[in-house]
Amino acid sequence: MSSTGKADAAALAGARERWVSTGGIELCVVELGETDRPTVVLVHGYPDSKEVWSEVAERLAARFHVVLYDVRGHGRSTAPQPLRGGFTLEKLTDDFLAVADAVSPDRPVHLVGHDWGSVQGWEFATVARTEGRIASFTSMSGPSLDHFGHWIRKRMARPTPRRAAQLLGQGAKSWYVYMLHTPVLPELAWRGPLGKRWPAILARMEKVPAGPYPTASLPSDAAHGAWLYRDNVRPRLRRPRADAYAHVPVQLITPTGDAFLSERLYDELERWAPDLVRRTLPAKHWVPRTRPDQLAAWITDFVTTREEPGTPPERKAPGRYADRFGGQLVLVTGAASGIGRATASAFAEAGARVVAVDRDAEGAARTADMARLVGAPEAWSECADVSDEQAMEKLAARVASEYGVVDVLVNNAGIGLSGAFLDTSTEDWKKVLDVNLWGVIHGCRIFGRQMAERGQGGHIVNTASAAAYLPSKTLPAYSTSKAAVLMLSQCLRAELASKSIGVSAICPGIVNTNITATSRFAGVDEAEEKRRQERSSRLYGLRNFPPEKVAEAILRAVVRNEAVVPVTPESKGALWMSRFAPRTLRAIAKLEPPV
């Protein structure tokens with residue numbers, strides 16, 4: 001039975017509160033959005049209450065009927081008496097079914113769980129008595145205890161060095177589980193100093209922003225929640241169910257920086273969840289608070305493709321990093337050709353939404369068309385001169401308004417200039433620095449500020465060059481601009497790390513692109529410049545290092561959050577020499593180049 005009550009003061013604006021009775025427990029349930037829409041039920045973890053979902057719930061409420069409830073013994077829900085035996089997965093399943101029947105009696109619900117909410121969700125999604133009541137399940141930061149038990153058994157039955165390392169690694173990450181099994185001490189800690197310091201710990205260790213979460217009920221929530229572990233972990237790990245197969249589509253979201261769970265836990269998940277979509281996030285454990293935009297977008301896409309009539313089936317992006325970039329917004333400058341076009345295509349193949357930017361409007365439009373063909377769910381082209389600060393300001397405002405805040409920015413636009421320093425005019429210097437350096441500065445400052453203000457991380461990639469650390473008597477202006485980009489990238493990397501924004505400098509060497517055909521040559525007439533352009537193009541063509549390999553390096557750099565990435569063999573060799581044999585490089589720079 002259920003009854004509707006007054007809105008909780010801590011609840012979200014416009015939320016409706018009700019109470020659901022089940023097995024002698026009163027569950028506090030909050031609803032947002034129109035009830036005739038698909039229902040999404042958000043289940044919180046430990047030591048949280050339903051408020052951990054507030055940021056995600058706000059974003060989902062425009063499209064769905066969103067339901068949050070305090071798990072028994074947490075928040076405003078009552079606790080079982082006695083506590084021992086009152087938090088079993090069977091009883092938690094009773095609670096979920098009672099909530100689902102109250103809020104969506106005629107339609108199955110879409111389930112989303114984090115931490116212990118996900119552990120519960122795996123139980124709900126795999127037991128027979130919930131069949132027909134769940135339409136889909138999105139899991140994050142919480143494995144099935146049954147799957148975990150089989151994972152342990154397999155590694156103990158057939159140990160190898162790698163499997164032993166995986167067991168030891170997860171064992172170390174699970175230190176808190178052992179602590180929670182000790183009697184009395186966890187309760188004393190949470191009701192004492194740990195409960196008081198927990199918000200500061202979350203802010204420092206997890207970068208969780210200050211706000212209405214966690215709530216004042218945290219000490220009692222954490223004390224009661226210890227029984228989630230005591231009632232379930234050892235029994236399930238000792239005797240995992242053999243029939244724990246998901247009877248619903250599953251979306252797995254894995255934070256790659258999770259301090260409590262190894263990514264290896266999910267290596268064999270397709271065995272248990274045949275209809276599985278994988279996603280990864282460069283984030284720590286508490287993603288409902290630190291990455292609400294991305295979670296809401298992925299949940300919306302996953303639910304919509306399974307709910308709305310006529311929605312085309314979800315197309316799996318073919319790219320290697322589709323689990324990482326699917327649905328993210330990537331902006332690439334200098335995207336009309338060469339490395340920019342290859343990079344836009346590579347992100348598109350990984351399922352990203354792509355904004356292709358270039359002064360060449362037609363070329364940018366062709367890149368956007370190509371991006372849609374190879375896998376981008378959406379792609380747009382924008383015409384802008386990166387050296388024009390006002391144009392970049394307008395571009396950033398338009399992109400944020402129409403497409404959203406950029407998740408990955410690739411400052412790739414650049415021009416070439418060759419010629420001796422004494423032959424290089426002030427105007428030549430200005431043109432090179434305006435595009436190669438100021439273009440990068442404008443992009444980093446304007447889009448980087450948007451990322452920082454959003455507070456949900458991101459990544460900036462700046463295309464530098466092997467010329468950044470390879471002195472040359474024929475490339476003083478170009479090399480100076482790229483060396484400045486390299487140093488700028490490393491300074492920004494240090495500054496933005498606290499905001500979970502990565503910065504990478506990509507240093508290609510000789511790559512077969514059309515930059516040679518458009519490069520300027522100072523100190524020569526037009527005919528000689530044309531001859532040198534054609535000669536450079538032939539040499540670069542003979543080298544034939546494709547821009548697609550640079551694009552692969554860019555995606556890999558974002559995934560691994562690499563600082564400086566030399567790409568070609570000559571670029572890698574030059575970087576090594578700049579560090580260990582700089583005198584040799586300086587001697588080589590004095591040699592006369594062929595003309």
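1. Which residue in S11 is the bridge partner of Thr333? Val357 is. That link belongs to a parallel pairing of S10 (residues 329-333) with S11, made over five bridges; strands count as paired if DSSP finds at least two bridges between them.

2. A quick caveat on what we have here: this is a predicted model, with local features needing pLDDT of at least 70, side-chain atom pairs counting only at pLDDT 80 or more, and totals for chains, interfaces and linings using all residues. Residues are numbered from 1 along each chain as its sequence is written, and side-chain values use heavy atoms, with hydrogens and water left out.

3. Back to S11, which spans residues 353-358: six of its six residues are buried, buried being under 20% relative accessible area (1.4 Å probe, protein chains only). Arg353, Val355 and Val357 sit on one side, with Val354, Ala356 and Asp358 on the other, so both faces are covered by the definition of buried. Across the protein chain, 55% of the 595 residues are buried.

4. On the overall fold, the protein chain has 22 helices and 18 strands, taken as DSSP runs (helices H or I, at least four residues; strands E, at least two) numbered from the N terminus. Of the contacts between residues at least 6 apart in sequence, 76% join residues at least 24 apart; a contact means heavy atoms within 4.5 Å.

5. As for dimensions, the C-alpha atoms fill a box of roughly 90 × 50 × 40 Å along the principal axes.

How values were computed: Buried means under 20% relative accessible area, exposed over 50%, partly exposed in between (1.4 Å probe, protein chains only).
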